[in-house]
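These are my notebook entries on one protein chain, written down in the order in which I looked things up. I begin with the chain as a whole and then turn to single places in it.

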Amino acid sequence: MTFTPQFTKLVVTGALLSAAVIGNAHATSVQVSEVALGAGTHSGGLVLPVQSSAANFWTGFQEIKVTSGAGSNSFQAFCIDPFQWSSHTPTTYDKTTLSPTFSAAKVTSITKLFNFGYAGAVGNNLNAAAMQLALWEVANDDGNLLTGAVHKTASTNAALLTQTNFLLSNYAAASATSLYNFTFYKSSGQQDFVTVSAVPEPETYAMLLAGLGIMGTVVRRRKSKQA
């Protein structure tokens, strides 16, 4: 989210059902900075705990640059909490999993929200903005845009409210089996981010194993000929 011209937290989130997400995986320190905005829109008057009064925040995807060792990559991300601003300056983050920062129940809810709404948010400004608001509500608020730390005002974007309420009213019925793998970028002083990648279909795993089997056979044949 950004309050023009500043930026606040985005996060591309969450998954349950993966042991890596549920378990307490070891964190890796990386440098993360916010470099651009993606699909999304401004909220109109919205109340967030990062600021004491209502403002016109950006909601939607942010592009973050993640540097680890000698390499760096850029990813589309959502902010997972509305409590801090993002930064254009590279900042040390822990690259980790959603758990244990979020409870198992929260991870399940985040998983269902992404299963239900993430695909429609990619490349769609309104859906991306609504996905961001719904994520704040699911991960760090009371799930209701009328109350809580994140709530609407009379001047909040009406179309955005309608789409966000649609997500909040329907995501719980989605499957808890994750369609995505999630990476959580966590900082004590800047907004946290989550990025996602699609979980490979079982057929993909089968093809990969078959390919490895073929490679193993070729290597054995080569060794046999050399002998």
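**Entry 1, the whole chain.** I read the elements along the sequence and wrote down the pattern β-α-β-β-β-β-α-α-β-α-β-β-α, which comes to 5 helices and 8 strands. I noted beside this that the model is a predicted one. Of the 227 residues of the chain, 43% count as buried, and the accessible surface comes to about 10700 Å², with 57% of that surface belonging to carbon and sulfur atoms. I also looked up how far apart in sequence the contacting residues are: among contacts between residues at least 6 apart, 76% join residues at least 24 apart.

I checked the length of helix 4, residues 158-170, against the rule of 1.5 Å a residue, and because its 13 residues should span 18 Å while its end C-alpha atoms are 19 Å apart, the two values agree. At the N-terminal end of this helix I found a cap, Asn 157, which has a side-chain oxygen 3.0 Å from the backbone nitrogen of Ala 159. I then listed the residues of helix 4 that are buried, and these are Leu 160, Leu 161, Gln 163, Thr 164, Leu 167 and Leu 168. What do the buried residues of helix 4 pack against? I found that their partners are strand 2 (28-47), strand 3 (55-68), helix 2 (104-121), helix 3 (125-140) and strand 6 (151-156).

I moved on to helix 3, where Glu 137 is found. Glu 137 is buried yet has no salt bridge, and I noted that Lys 106, the nearest side chain of opposite charge, is 8.4 Å away. A polar atom of the Glu 137 side chain does lie 3.1 Å from the backbone nitrogen of Asn 144. Leaving out residues up to four places away in sequence, I found that Glu 137 touches several others, including Asp 142, Gly 143, Thr 147 and Leu 168; Leu 168 is also one of the buried residues of helix 4.

Is Ser 33 buried or exposed? I placed Ser 33 in strand 2, and because its relative accessible area is 7%, under the 20% limit, I count Ser 33 as buried. Val 35 is found in strand 2 as well, but with a relative accessible area of 37% Val 35 is partly exposed. Apart from neighbours within four places in sequence, Val 35 is in contact with Glu 63, Ile 64, Lys 65 and His 88, while the contacts of Ser 33 include Ser 87, His 88, Thr 89 and Pro 90. I noted that Val 35 and His 88 are 53 residues apart in sequence, although their C-alpha atoms are 6.1 Å apart in space.

The side chain of Ser 187 reaches the backbone nitrogen of Gly 189 at 3.2 Å. Among its contacts beyond four places in sequence are Gln 84, Tyr 93 and Asp 192.

Last, I looked at Pro 100, whose place is in the loop between strand 5 (91-96) and helix 2. The peptide bond from Ser 99 to Pro 100 is cis, with omega near 15 degrees. I wrote beside this that most peptide bonds are trans.

Notes. Residues numbered from 1 in each chain as written. Predicted model: local features only at pLDDT ≥ 70, side-chain atom pairs only at ≥ 80, totals over all residues. Heavy atoms only, no water. Helix = DSSP H or I, 4+ residues; strand = E, 2+ residues; numbered from the N terminus. Expected span 1.5 Å × (residues − 1). Buried < 20%, exposed > 50% of the residue type's maximum accessible area, 1.4 Å probe, protein only. Contact = heavy atoms within 4.5 Å. Polar contact = N/O pair within 3.5 Å; in protein donor to acceptor, adjacent residues only side chain to side chain. Lys, Arg positive; Asp, Glu negative; His and termini not counted. Salt bridge = Lys/Arg side-chain N within 4 Å of Asp/Glu carboxyl O. Areas by Shrake-Rupley, 256 points an atom, 1.4 Å probe, with all protein chains shown as cover.
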